[in-house]
Amino acid sequence: MIKLFRKIRQNLLSEGKTGKYLKYALGEIILVVIGILIALQINNWNENRKSSKIRNNYYKQVVQDLAKDTIYINRNIIYLDSSLSKYQKYLEKLPEAESINDVIPLIGTLDWQFGYYTFNTNTIESLISTGDIKLMPDQIRNALLNLRTTQNGIIKTISGNNDVHLKDGQKAIGLGPINYILNINPKLLNQLIREEDIISAINIINGTFQLRDFTDKNLLKDLQYLLESTKELSELINEELNK
C-alpha cells in the first residue's frame, strides 16, 4: 500500500501536476491521521473493556464481603443487645441484695464473654495495595475508604475496651469469687475466701461492668452506623453492576 502511494506521488510530480500532488499528499496525511485516531480509539476501547472487567470482578468480590459482614454485624448487634439487657437486669435486682452473699449469684448472671472483631477486608486491602482503587467511581471509592476507616476504628475500640475489661475482670475473679464455681470442699472454701476480698471483687466488678455498659452502648451505635454504611455501599455497587 505504501509503495502504491509513493508511485502515485512520483507519477504526479513527473507529469508536473503539482497542484494535484499537493491535494493528494494532503488527503494522504488526512487518511493517516484518521487511521491513527481509529487505532487509538480501538486501543482505548480495549483498555476500557479490560478495566471494566477488572472493576466488575472487584465489585462482585466486595458485594460478597459486604454480605458476609452484614451477617456478622447483625450477629454482634444482637449479642450486644443481650449483654446490655443482662446488665440492666443486674442493676434492677441489685437494690434487693442485703449482703455480699446476695450479690454473688447476681454477678453470675452478667455476660462475661469477650470477643475481638474482624471484618472481610481482603478485597478493599487488595484494591488499595494494587492501586486498582482508582478504577472505582469517586462515590464508590470514597465509600470504600470510609467503610474501611470505620471498620478499623471499631476494631481498635473493641480491642482497647476488651483489654481493660478483661484485665479488671481477671483481677476481681482472682480475689476469690472464682472459688464459688469450683468443686472445693466447703471447709477449704471458707479458708480461701475472705470477706474483704469478696467486697473488693464486687466493687471491681461493678466498676468494670459500669464502664463496659458505657463502651458497649457506644459500640452498638458504631455497629448500627457501620451496618447502614455497608448496606448503602452494597446498593451503590449493585447499581453499577446492573448498568
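How many helices and how many strands are there in the protein chain? The chain has seven helices and zero strands, and from the N terminus on its elements run α-α-α-α-α-α-α. Please keep in mind as you look around that this is a predicted model.

**The chain as a whole**

Of the 243 residues in the protein chain, 30% count as buried. The accessible surface comes to about 15,800 Å², and 56% of that area belongs to carbon and sulfur atoms. Taking the contacts between residues at least 6 apart in sequence, 79% join residues that are at least 24 apart.

In soluble globular proteins, nonpolar side chains tend to be buried together. Here the largest nonpolar core holds 27 residues, and the members touching the most other members are Tyr 117, Ile 140, Leu 144 and Leu 223. Two or more residues of this core come from each of helix 2 (18–93), helix 4 (122–130), helix 5 (138–174) and helix 7 (195–241). Helix 2 gives the largest share, with nine residues. Apart from this core lies another one, made of 17 residues, including Tyr 90, Leu 106, Ile 184 and Leu 189.

Leaving aside residues up to four places away in sequence, Ile 140 touches Tyr 59, Leu 233, Leu 236, Ile 237 and Glu 240.

Which residues of helix 4 are buried? They are Thr 123, Ile 124 and Leu 127. Seen down the axis of helix 4, these buried residues fall within an arc of 105°, so they line one face of the helix. On the other side of helix 4, Asn 122 and Ser 129 are exposed. Gly 131 follows helix 4, and its phi is positive, near 85°.

**Salt bridges**

The count comes to four salt bridges.

| Glu 125 | Arg 148 | 2.9 Å |

Begin with the pair of Arg 148 and Glu 125, a salt bridge whose closest N and O atoms are 2.9 Å apart. Arg 148 lies in helix 5 and Glu 125 in helix 4, so this pair ties together parts that are 23 residues apart in sequence. Both partners are partly exposed: Arg 148 has 26% relative accessibility, and Glu 125 has a relative accessible area of 31%.

The next two pairs each sit within one helix. An α-helix has 3.6 residues a turn, so residues three or four places apart point the same way. Asp 138 and Arg 141 are three residues apart in helix 5, and so about one helical turn separates them. Arg 141 counts as partly exposed, at 21% relative accessibility.

In helix 7, Asp 213 and Lys 217 are four residues apart, which again means a separation of about one helical turn. Is Asp 213 buried or exposed? At 10% relative accessibility, Asp 213 counts as buried, because the cut-off for that label is under 20%.

Note on methods: Residues numbered from 1 in each chain as written. Predicted model: local features only at pLDDT ≥ 70, side-chain atom pairs only at ≥ 80, totals over all residues. Heavy atoms only, no water. Core = buried A, V, L, I, M, F, W, Y, C linked by side-chain atoms within 4.5 Å. Buried < 20%, exposed > 50% of the residue type's maximum accessible area, 1.4 Å probe, protein only. Contact = heavy atoms within 4.5 Å. Areas by Shrake-Rupley, 256 points an atom, 1.4 Å probe, with all protein chains shown as cover. Salt bridge = Lys/Arg side-chain N within 4 Å of Asp/Glu carboxyl O. Arc of directions from axis to C-beta.
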